[in-house]
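Trainee: I would like to learn how to read some local features of a model, one after another. Could we take them in turn, with the general idea stated ahead of each case?

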Amino acid sequence: MKRRLPLLALALAMAACVTQQNPDPSFTLSAADSSPTLVQGTKRELSVAIGRQSGFGEAVSLSLEKKGGGSLATGLSYSFSPKTASGSSSTLTLEASTGTAPGVYDLQVTGSAGKATQYAYLTLTVQEKPQPGSFSLTVNPSSRSLERPASGSVNASAEVSIVRDKFSEAVSLSLEQADGKPLPTGISAGFSPASATGGSSTLTLTVSAQAQAGSYSLRVKGTAGSTTKYAPFTLSVTAPATPPP
């Protein structure tokens, strides 16, 4: 019996080391579009991903509030489906009433499960509802990330929504930098259709090997007659991953 005690103590010490090395199970939150845009009187859906780590299996209770805590601005409302998620995602529906003041709102998705709490941050832009005889633009998603190719080009798409109020003219669409300058070298864009008579158009972004890595503040420009409207859009270009030696 005395000979077995050192072995038992060694086994207990090894088990303690393994327990210390394995992190406590937890989770992460991330939104598919961290910079959504809404026109007053409209709503949209966002996917919120729940990354489960180290076998974390608890249900995550979700809520939305002002960044840092506090109530949402007047006229902003939300819902989650499901609100208590046992899987890997939930759908957040954001709605801005006609009484929501136009502007930029910093929000946070809060996820709670037991003693663990995690956050995902959103920057919501609320645009003014178009006046009768006019239109407004939104882009979904309002940001994209592309890895610059070593050669050739890569593509990504986004949907441009055109909210009309007693406005039937065709809207000519283009993409430019936020200050109105042409797109940087290596970045180009096309729209289908480029002159939209309906409520949407597909934006296709192309990034070639000549593009510089960085974050670009852009805007979709819509023109119809003497009326011009804009919708913000962010493109992140990352350098290609370095292959291992």
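Trainee: Where is P82 found, and what is the peptide bond from S81 to P82?

Mentor: As a general idea, most residues other than glycine have a negative phi, and most peptide bonds are trans. In this predicted model, P82 is found in the loop between β5 (76-81) and β6 (84-85), and the peptide bond that leads from S81 to P82 is cis, with omega near 0°. A cis peptide bond also runs from N140 to P141, with omega near -5°, and P141 has its place in the loop between β10 and β11 (143-147).

Trainee: Which phi does S54 have, and which does K166 have?

Mentor: S54 is not a glycine, although its phi is positive at about 55°; it lies in the loop between β3 and β4 (60-66), and with 48% relative accessibility S54 counts as partly exposed. K166, not a glycine either, has a positive phi of about 55° and sits in the loop between β12 and β13, where its relative accessibility of 75% makes K166 count as exposed.

Trainee: Are F135 and F167 buried or exposed?

Mentor: F135 counts as buried at 0% relative accessibility, and F167 is buried with a relative accessible area of 9%.

Trainee: Which residue lies over the face of Y121, and which charged end sits over the ring of Y230?

Mentor: K67 lies over the face of Y121, at 5.1 Å from the ring centre, while the ring of Y230 has the charged end of R219 over it, 3.9 Å from its centre.

Trainee: R219 brings us to charged partners: with which residue does R219 form a salt bridge?

Mentor: In general, side chains of opposite charge can pair when their charged atoms come close. The count comes to 3 salt bridges. R219 forms one with E176, the closest N and O atoms being 2.6 Å apart; this pair links distant parts of the chain, with R219 in strand β17 (residues 214-224) and E176 in strand β13, 43 residues apart. Both R219 and E176 are buried.

Trainee: Which residue pairs with R44?

Mentor: R44 forms a salt bridge with D33, and their closest N and O atoms are 3.3 Å apart. R44 lies in strand β3 (residues 42-53) and D33 in the loop between β1 (26-31) and β2 (37-39), so the pair ties together parts that are 11 residues apart in sequence. At 11% relative accessibility R44 counts as buried, and D33 is buried with a relative accessible area of 1%. The side chains of D179 and K181 also meet in a salt bridge, at 4.0 Å from N to O, and D179 is exposed with a relative accessible area of 52%.

Trainee: In which sense do β12 and β16 run?

Mentor: Strands β12 and β16 (residues 200-208) run antiparallel and are joined by 9 bridges, and A158 stands opposite L203 in β16. Strand β14 (residues 187-192) pairs with β16 in the antiparallel sense over 6 bridges, with S192 opposite T202 in β16.

How values were computed:
Residues are numbered from 1 along each chain as its sequence is written. This is a predicted model: local features need pLDDT of at least 70, side-chain atom pairs count only at pLDDT 80 or more; totals for chains, interfaces and linings use all residues. Side-chain values use heavy atoms; hydrogens and water are left out. Buried means under 20% relative accessible area, exposed over 50%, partly exposed in between (1.4 Å probe, protein chains only). A charge sits over a ring if NZ of Lys or CZ of Arg is within 6 Å of the ring centre and within 35 degrees of the ring normal. Two strands pair if DSSP finds at least two bridges between them. Helices (H or I, at least four residues) and strands (E, at least two) are DSSP runs, numbered from the N terminus.
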